[in-house]
Amino acid sequence: TGVQTTGNGPIRAYDQAADLIADPEVNAVYIATPPGSHEEYTLAAAAAGKAVYVEKPMARTHAECQTMVKACADAGVPLFVAYYRRRLPSLEQVRQLVANGAIGEVQSVHLRLVQFLPNWTPDKLPWRVQPALSGGGIFFDLACHELDYLDYLLGPLSHVAGRAVNRGGLYAAEDNVVGTWEHPGGILGTGNWCFTGSPGDGEEHITLIGRHGRLRFDCFAYKPLILDTPAGHQEIPCQVPEHVQLPLINSIVQDLLGHGPSPSTGVTAARTAAVMDTLVANYRATHGRGW
């Protein structure tokens, strides 16, 4: 269902996406369906000449992302992706600290995310762990935010290698992933994602190791930033936005008005999709696209 409003006009609702996309008064389309239909709706919106804002992950695979980027480029319409952490105030604080040399030159980055195995039944699995709809498991839903932000903070990831397995047996998609990569300048990165921990064992943080200190922060929770340097230990409160997507949406509006680029586009998001594909490549090769 799509809903569209005009300044003083009535709200209009649709039960078919094609009808919303075809509406001549709609000039931008927000695609918030599961990733399995992102490519289809993006191509339809591009063909109709509408600007596109698509949820994350951008699509199920890097190949689908490339098709979306090309379609929008060929149609001359902008393509934005909802990696809103690129503009969250708390993570902008992290960028500012790094840029100001709070920990010196960054040497490495380390990512860790642990969640417990849910109490789902095989006949009632959410779409997020159905690869045909999501592209993979919870890893695809959450790790993409972290990896995309690191792309923004430290530059594109290269020399990516990873290994994915299923340890819980609750669903067919991967539920444990490890990976390594490199950012420009020789900054090495590691990631460890475990979705089969025990209740109460939740953990999520990113640690930047610098030549003169370290900075630890959460990507999903609004916990204080932890800064440790020879000068001492600091806990820096996070700024919490009124709405998590509002800062990025503001940047998109400014981009559409010609006042400066938004930091999250189809091109940048496709890079994250390529990283995700590589980290689970062994699992896909063994289990096929449908896991």
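At what angle do α4 and helix α6 pack, and how far apart are their axes? In this predicted model, local features need pLDDT of at least 70 and side-chain atom pairs count only at pLDDT 80 or more, whereas totals for chains, interfaces and linings use all residues. Residues are numbered from 1 along each chain as its sequence is written, and side-chain values use heavy atoms, with hydrogens and water left out.

The angle between α4 and α6 (residues 138-154) is about 35 degrees, and their axes lie 10 Å apart. Helices (H or I, at least four residues) and strands (E, at least two) are DSSP runs numbered from the N terminus. Axes are lines fitted to C-alpha atoms, for helices over the stretch in contact, and angles run from 0 to 180 degrees between N-to-C directions. The α4/α6 crossing is right-handed, that is, the near helix is turned clockwise from the far one by less than a right angle. In this contact (heavy atoms within 4.5 Å), Leu91, Glu92, Val94, Arg95 and Val98 of α4 meet Tyr149, Tyr152 and Leu153 of α6. Six of the contact residues are nonpolar, none polar and two charged; Ala, Val, Leu, Ile, Met, Phe, Trp, Tyr, Cys and Pro count as nonpolar, Asp, Glu, Lys and Arg as charged, and the others, Gly among them, as polar.

Eight strands form an open sheet of mixed pairing in the order β7-β8-β9-β6-β10-β11-β12-β13, where two strands pair if DSSP finds at least two bridges between them. β7 (158-165) and β13 (232-236) are the edge strands, each with a single partner, so one side of each has no neighbour in the sheet. On average, neighbouring strands of this sheet are turned by 10 degrees against each other, direction ignored. Strands β11 (residues 213-217) and β12 (residues 225-229) run antiparallel and are joined by three bridges, with arginine 214 opposite aspartate 228 in β12. Helix α4 (residues 89-99) packs on the sheet, touching β6 (106-116), β10 (203-210), β11, β12 and β13, and its direction makes about 170 degrees with that of β11. Helix α8 (residues 266-279) also packs on the sheet; α8 touches β7, β8 (176-183) and β9 (187-197), at about 50 degrees to the direction of β7.

The second largest pocket holds about 170 Å³ of space. On a 1 Å grid over the protein atoms alone, a pocket is an open set of points where a 1.4 Å probe fits, with protein on both sides within 12 Å along at least five of seven lines; lining residues have an atom within 4 Å of a point. Grid points are joined across faces, edges and corners, and the volume is the space filled by probe spheres set on them. β3 (28-31), β4 (51-54) and α7 (246-256) each supply at least two lining residues, and α7 gives the largest share, four. The lining comprises eleven nonpolar residues, no polar and no charged.
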